Amino acid sequence: MSRPLLEARGLRKHFPLRGGVLQRTRAWVRAVDDVSFEVAPGETLGIVGESGCGKSTLARVILRLIEPEAGELRFDGEDVRAASPSRMKRLRRDMQLVFQDPYASLNPRLTIEDAIAFSLLVHGTPRREARERARAMLGRVGLDPGLHGRRYAHELSGGQRQRVNIARALVLDPRLLVLDEPVSALDKSVQAQVLNLLQDLKTERALTYVFISHDLNVIEYVSDRVLVMYLGEVVETGTAEALAQSPKHPYTQALFASAPSMDPDRRMDRLPIAGDPPNAIDPPSGCRFRTRCAFAMPRCAEAPPPWVPVGATHDVACYLYQAEPVSVA
Amino acid sequence: MAVSVALVEAPAVAAAPMSYWRTVAWRLSRDRATLVAGGVLVLIALSAVLAPWLAPYDPSAGSIRLRLAEVGAPGHVLGTDEQGRDMLSRLLWGGRMTLVAGLTPVLVALVLGAGLGVAAGYVGGITNTLIMRTMDIFYAFPAVLLAIAISGALGPGLANTLISLSIVFVPRVVRVAESATVQVKGLEYIAAARASGAGVRAIVRHHLLANVLGPILVFASTQVSLSIILAAGLSFLGLGVTPPAAEWGLMLNTLRQSIYVNAIVPALPGLAIFITSMAFNLLSDGLRDAMEIRG
């Protein structure tokens with residue numbers, strides 16, 4: 001495999017919870033804890049997990065919109081965290097983000113055209129050219145520049161706004177696109193259209209995607225490889241196929257069991273997990289999933305489980321698979 | 001046939017998107033109460049500006065023989081005050097003072113308050129704590145009490161009135177500006193702008209201010225009526241404009257002993273204050289409704 005386009009090693013972001021008059025730190029929300037992964041050029045890495053597991057924080061950390069406390073982040077071999085402000089500005093053209101909320105992600109006071117052109121203006125493109133490229137980009141994402149370009153965000157539907165968001169991210173010609181729940185706020189039929197658009201754009205522009213979603217069906221459809229996150233940690237990684245066919249971590253299994261499937265062979269009898277994930281402020285010791293895990297053992301509380309390879313590119317962090325693998329099915 | 005006509009027409013209507021401010025203007029133009037209030041204010045402002053030409057008499061020239069003439073007295077349409085000065089002339093001149101004393105502090109507060117509030121909200125952290133807690137100190141006192149205390153310490157006079165009222169209104173505007181900024185700052189389009197590589201200045205100018213100034217402006221407009229009442233109140237207490245200058249609050253004070261002799265003439269400055277501050281209130285209400293952003 002060639003050099004990864006994006007490489008993360010031990011990324012960590014804990015948010016301080018402040019309180020009192022002196023704003024002293026009372027506790028830490030461990031949003032992203034020791035997350036490592038690689039994304040090869042042209043690949044789509046899916047990141048899946050429940051709400052509150054740190055997916056969106058991870059997306060922002062990758063783009064350095066949130067500064068991580070620890071860990072290494074390399075884009076095309078370059079250390080992103082060490083980049084100077086001017087270098088960072090240049091890097092931002094190469095890595096862009098598509099946001100989840102199609103309503104909050106567009107400035108209500110800018111026309112669609114101006115919202116897209118703004119990114120180009122920031123990088124010194126002349127106004128006229130920026131506007132032309134914005135209009136061309138609008139056309140590419142399936143909107144009519146003549147009809148929609150001079151409109152304001154509130155005049156568009158959710159699906160149209162998400163297309164605008166995609167256009168805004170792509171107008172800078174990035175190489176990496178981080179998509180943070182890009183279709184979660186959309187109707188099913190619109191979801192399919194936007195997903196297909198994303199697939200087309202990826203092939204056409206040789207893009208690399210980091211695709212974040214809580215929806216396993218979506219993740220399975222778009223991803224080459226998948227990262228399963230639970231409470232700020234990665235618990236299992238593997239190809240989309242391997243994960244779908246034989247999920248190893250009890251959490252991944254529960255996720256697949258709770259995802260509605262149209263395929264009768266894929267329906268599982270096992271009960272999906274119940275309840276909400278524990279608080280990320282004070283996560284359980286050892287394996288963080290143990291409080292909801294059907295197979296929890298005493299040792300799960302002692303130390304975080306190590307990574308165990310269970311396939312060629314399939315790894316899981318669970319004691320069930322250490323030394324002598326125990327069959328769960 | 002009617003259906004097909006509607007289908008043809010719909011895109012034509014929708015094809016004329018309105019910019020935000022044009023939408024606001026269009027909404028205002030359909031709001032009758034606000035239009036009337038605005039019209040009243042224009043008349044008051046015009047009469048204040050044109051007072052030197054409109055006033056039939058010198059506002060400070062009195063006549064002992066003509067004290068407390070009734071409304072409608074020959075030569076004095078609105079009567080005369082306790083020193084025989086023409087009420088119409090004094091009300092016209094007094095409007096100048098009252099409007100200056102009412103509007104200036106709000107304008108000062110708008111500029112200073114928006115600056116401080118946006119800075120506190122956008123920078124956050126210690127800057128925010130420093131600015132906001134300092135504002136809280138001023139905010140702890142009721143507006144009237146604070147205005148009286150500062151004016152009392154500085155002494156009477158128009159300049160001191162303006163200073164004390166500005167101090168009253170700055171913290172209020174800062175609060176609104178800060179909370180609006182914090183709210184907008186957390187929205188994804190700000191993060192998107194950061195992700196595109198934009199610097200703080202470009203983000204504040206193109207993305208933040210445009211979305212924050214509206215609510216701040218609306219709030220400031222609600223404070224004008226209060227400012228007018230406070231300015232008149234300070235004059236009434238002898239802490240504002242000094243005699244013999246004409247000012248509505250001061251006129252109310254000097255005329256108050258005459259209320260048993262002539263009940264209507266002493267009420268006139270009060271009526272003027274009431275109408276002006278009411279009109280400002282109605283206008284700011286209308287402005288708020290018109291500026292409400294659609295989702």
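Colleague: How many helices and how many strands does chain B have?
Modeller: Bear in mind that this is a predicted model. From the N terminus on, the elements of chain B run α-α-α-α-α-α-α-α-α-α-α-α. The count for chain B is 12 helices and 0 strands.

Colleague: What is the radius of gyration of chain B, and what does the globule rule give for 295 residues?
Modeller: The C-alpha trace of chain B spans about 75 × 65 × 30 Å along its principal axes. Chain B is more spread out than a compact globule, because its radius of gyration is well over the value from the globule rule. The two values are 24 Å for chain B and 19 Å from the rule.

Colleague: What percentage of the residues in chain B is buried?
Modeller: A residue counts as buried if 20 or more other C-beta atoms lie within 10 Å of its own. Applied to the 295 residues in chain B, that criterion gives 43%.

Colleague: Which element of chain B gives the most to the side that touches chain A?
Modeller: The contact takes 22 residues from chain B and 28 residues from chain A. Two elements of chain B give two or more residues to that side, α9 (188-195) and α10 (200-236). With 7 residues, the element that gives the most is α9(B).

Colleague: How do the residues on that side of chain B divide into nonpolar, polar and charged?
Modeller: The division concerns the side of chain B that touches chain A. The residues there come to 12 nonpolar, 7 polar and 3 charged.

Colleague: How many helices and strands make up the secondary structure of chain A, and what is its radius of gyration?
Modeller: Chain A has 10 helices and 12 strands. It is as compact as a globular protein of its length, 329 residues, because its radius of gyration is close to the 20 Å of the globule rule. Its C-alpha trace spans about 65 × 55 × 45 Å along the principal axes. The radius of gyration of chain A is 21 Å.

Colleague: Which strands stand at the edges of the open sheet of 8 strands in chain A?
Modeller: The sheet has the order β6-β7-β8-β3-β9-β10-β12-β11, with mixed pairing. Two of these strands have a single partner strand each, so one side of each is left without a neighbour in the sheet. Those edge strands are β6 (95-98) and β11 (307-311) of chain A.

Colleague: Which helix packs on the sheet, touching β6 and β7 of chain A?
Modeller: Neighbouring strands of the sheet are turned by 20° against each other on average, direction ignored. The helix that touches β6 and β7 covers residues 158-170 of chain A, and its direction makes about 170° with that of β6(A). It is α6 of chain A.

Colleague: Which residue stands opposite A:Val178 in β8(A)?
Modeller: Strands β7 (residues 176-180) and β8 (residues 208-213) of chain A run parallel and are joined by 5 bridges. A:Val178 is also in contact with residues such as A:Ala59, A:Ile62 and A:Leu63, among others. A:Val178 is one of the residues that touch the most other members of the largest nonpolar core, which has 165 residues. The residue opposite A:Val178 is A:Val210.

Colleague: What is the bridge partner of A:Thr237 in β12(A)?
Modeller: β10(A) and β12 (residues 314-317) of chain A pair in the antiparallel sense over 2 bridges. β10 (residues 233-239) is mostly covered, with 6 of its 7 residues buried. The partner of A:Thr237 is A:Asp315.

Key: Residues are numbered from 1 along each chain as its sequence is written. Chains are lettered from A and ligands numbered from 1 in the order in which they are written. This is a predicted model: local features need pLDDT of at least 70, side-chain atom pairs count only at pLDDT 80 or more; totals for chains, interfaces and linings use all residues. Helices (H or I, at least four residues) and strands (E, at least two) are DSSP runs, numbered from the N terminus. The radius of gyration is taken over C-alpha atoms; the globule rule is 2.2 Å times the number of residues to the power 0.38. A residue is buried if 20 or more other C-beta atoms lie within 10 Å of its own, exposed if 12 or fewer, and partly exposed in between; C-beta atoms are placed from the backbone. Two residues are in contact if their C-beta atoms, placed from the backbone, lie within 7 Å. Ala, Val, Leu, Ile, Met, Phe, Trp, Tyr, Cys and Pro count as nonpolar, Asp, Glu, Lys and Arg as charged, and the others, Gly among them, as polar. A nonpolar core is a set of buried Ala, Val, Leu, Ile, Met, Phe, Trp, Tyr and Cys residues joined through C-beta atoms within 7 Å. Two strands pair if DSSP finds at least two bridges between them. Axes are lines fitted to C-alpha atoms, for helices over the stretch in contact, and angles run from 0 to 180 degrees between N-to-C directions. Lists of a residue's contacts leave out its neighbours within four places in sequence.
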